[in-house]
Amino acid sequence: MSAVSYTIPGMIRTMAAVPRVHLANPKKNAEEISALLDIADQNGVSLCVFPELSLTGYTCGDLFMQPSLLQAALEALDKLANRETKTAFIVGLPLDIQGRLYNCAAIVHHHNVYVAAKTHIPDDGGFCERRWFSSGETIRYFDEVPGLHAESFLLPHNQLIDCGEFMLGVEICEDFWVPNPPSAELATRGATIIANLSASNALAGKHASRCEALRAHSARCMCGYVYASAGYGESTTDMVFSGHAGIYENGDLLAENERFLRTSSYAIADIDTERLAYKRRARPSFWQQLAPDDYSPMPAVIPASVSAAPLMRPLSTLPFLPEDHQDEFLLDALNIQATGLIRRMEQIRTQKLVVGVSGGLDSTLALLSAAYAYDLAGWDKRGIVGITMPGFGTGTRTKGNAEKLMELIGCTMLTIPIGPAVTQHFADIGHSADVHDVCYENSQARERTQIIMDYANKIGGLVLGTGDLSEVALGWCTYNGDHMSMYNLNGSVPKTLMRSMVAYAARLLGDNIVPVAQDILDTPVSPELIPGKNGEIAQKTEETLGAYELHDFFLWHMMDAGAGPKKLYAMACQAFDGQHEHAAILAALRTFVRRFFTQQFKRSAMPDGPKVTPVSLSPRGDWHMPSDAQMQLWLDEVDSIA
């Protein structure tokens, strides 16, 4: 099984390339660059970024003033501009323009050259560029680049470049490090990808801080950021250059090379410009800094191709759980839940809590989080009343785990069977107990909710909800049954994250809880509403809905990037290659779309609860959707997938 291969909307393949430097030898540098462009073409790259002054080398010193070097750099640029390549690329070189020397970036595509000059010229810490170069702020007009045979355009200061599928902005090294970098203005004027040609020297510990700064800046500008810095071959008289190539998107590192190589190196990644545009639309404050007269004409150049699957970017099967610092993340999640619960209970002046404990995943996390909150608050955990309510489909395994968990936590335990009450209810409404339909199932869910609500009223307590984000998205809950509570801790925690949170919370609360929590994690997800044989689970939710890891994947990328069905399907096929058949992914996607639309009415009436992850479907904050919205556009797109 392999991933689908059609193009994916918004994905632009980029490359940050670090050629081996031949100092003051533009011809050899052009050969190194040309070899890397061959690799870019082979990989379907749309945009390739090379380091600052890459045609000459950054450390040429007073040789920059020599006509021979300047002319050789122009000739090397002409040669590169005349080569046949599908990839647009950006190289650095010194240019004499009307008697002033500028540190320039040359954007090359289809034999056309567009030149932008560096704005901020450093003169400290070993960097003495002001000795040679003028600021690009002095360039205020469009003109030809003197000395080039290729058709060329000198771009005014901070000029955007229209690439068809994305807007490109360019800055050079020091520009990034000033308080108000050009890229900030370029981004607020529409640039979705920023290229940075750099020559940043290596210092012990500097790489980590630089990477963090690049991450943060790409997040602040909501952009893709392609960074290429000078490498081996530069002068080592006073500094060493490690050759850093990195590609970032909205705070995430997509790809980077290995530094300190003595040969050329590169990083390639697909930047999702559709995701960036979605995020900018969703944050009006992003555009508020821009006055209408700040816009300027944008030449239409570099029509970029859209990347095809398989994508060259990280695609986690668990997007809600970061790959790094997981314990810190999980502790934050528990603290958010605990703080929200403590504050709510203080507000209503109670230390009594009622939770229905089934022995399933959702109620386990709610109970563990409540116990953690009570420990933080210094409250007696006997104030937590855990009620297990066995019904027609309750399994011996889940019931046993519920009882063990409550005993180990030290909360108050109650068992209230719902069978007699539900049987009476069937008689009252004239429903046969032999008909296992939606009425049969929902009557049990609503009876359980009635019990915990009324018991909470009896003791002056709060009913803690257990339903998770995956169920909220799919509406996999009974309206005014398990759908309702007085405060829901799990409303923005999906099933896939919940598993890690349960395991982590169990370790935090005591090693003796871990074996019970692990058995709960090993138990199939089930509402347990239909009787099984010999106390076994008859209903397995994922056999009906499809795998929760698929639904959580769809939800994340729909909410994070505005991804539509075709994009979701292509990305899921790649992420879950070898784990789920394409037919199963498509079936789950159809279910996701259908249920997400039809179940909005439940989300419109969902209870309060803390936002734990970046995704929330609360109608009071993150998600405003009419309950009668039609799904046909999305279903038609699902049906069009071959």
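Is T478 buried or exposed? At 6% relative accessibility, T478 counts as buried, where buried means under 20% relative accessible area, exposed over 50% and partly exposed in between, with a 1.4 Å probe and protein chains only. The model is predicted, so local features need pLDDT of at least 70 and side-chain atom pairs count only at pLDDT 80 or more, while totals for chains, interfaces and linings use all residues. Residues are numbered from 1 along each chain as its sequence is written, and side-chain values use heavy atoms, with hydrogens and water left out.

**Overall chain**

- The protein chain has 20 helices and 20 strands; helices (H or I, at least four residues) and strands (E, at least two) are DSSP runs, numbered from the N terminus.
- Its C-alpha trace spans about 100 × 50 × 45 Å along the principal axes.
- Of the 642 residues in the protein chain, 57% are buried.
- Contact means heavy atoms within 4.5 Å; among contacts between residues at least 6 apart in sequence, 74% join residues at least 24 apart.

**Largest pocket**

- The volume of the largest pocket is about 1600 Å³.
- On a 1 Å grid over the protein atoms alone, a pocket is an open set of points with protein on both sides within 12 Å along at least five of seven lines, whereas a cavity is a set of points where a 1.4 Å probe fits but cannot get out.
- Grid points are joined across faces, edges and corners, and the volume is the space filled by probe spheres set on the points.
- Lining residues have an atom within 4 Å of a point; there are 41 of them in the largest pocket, and D252, R275, P319, W556 and D560 are the closest to its centre.
- At least two lining residues come from each of α5 (206-220), β14 (252-256), α6 (273-281), α7 and α16 (548-561).
- The most is given by α16, with 5 residues.
- The lining divides into 21 nonpolar, 6 polar and 14 charged residues; Ala, Val, Leu, Ile, Met, Phe, Trp, Tyr, Cys and Pro count as nonpolar, Asp, Glu, Lys and Arg as charged, and the others, Gly among them, as polar.

**Helix packing**

- Axes are lines fitted to C-alpha atoms, for helices over the stretch in contact, and angles run from 0 to 180 degrees between N-to-C directions.
- Angles under 35 degrees count as roughly parallel, over 145 as roughly antiparallel, 65 to 115 as roughly perpendicular and the rest as oblique.
- Helices α7 (residues 326-347) and α13 (residues 495-509) pack at about 85° with axes 10 Å apart, and are therefore roughly perpendicular to each other.
- In this contact, D327, F329, L330, L331, A333, L334 and Q337 of α7 meet L497, S500, M501, Y504, A505, R507 and L508 of α13; the residues divide into 10 nonpolar, 2 polar and 2 charged.
- Helices α8 (residues 361-377) and α9 (residues 396-409) cross at roughly 5°, and their axes come within 11 Å; α8 and α9 are therefore roughly parallel.
- T364, L367, L368 and A371 of α8 meet L405, M406 and I409 of α9, a contact with 6 nonpolar, 1 polar and no charged residues.

**Loop residues**

- T478 is in the loop between α12 and β20 and touches N442, A445, R446 and H483, not counting residues up to four places away in sequence.
- N480 lies in the loop between α12 (469-474) and β20 (487-488); its phi is near 60°, a positive value in a residue other than glycine.
- With a relative accessible area of 46%, N480 is partly exposed.
- N158, in the loop between β8 (151-154) and β9 (161-162), has a positive phi near 55° and is a residue other than glycine.
- N158 counts as buried, at 11% relative accessibility.
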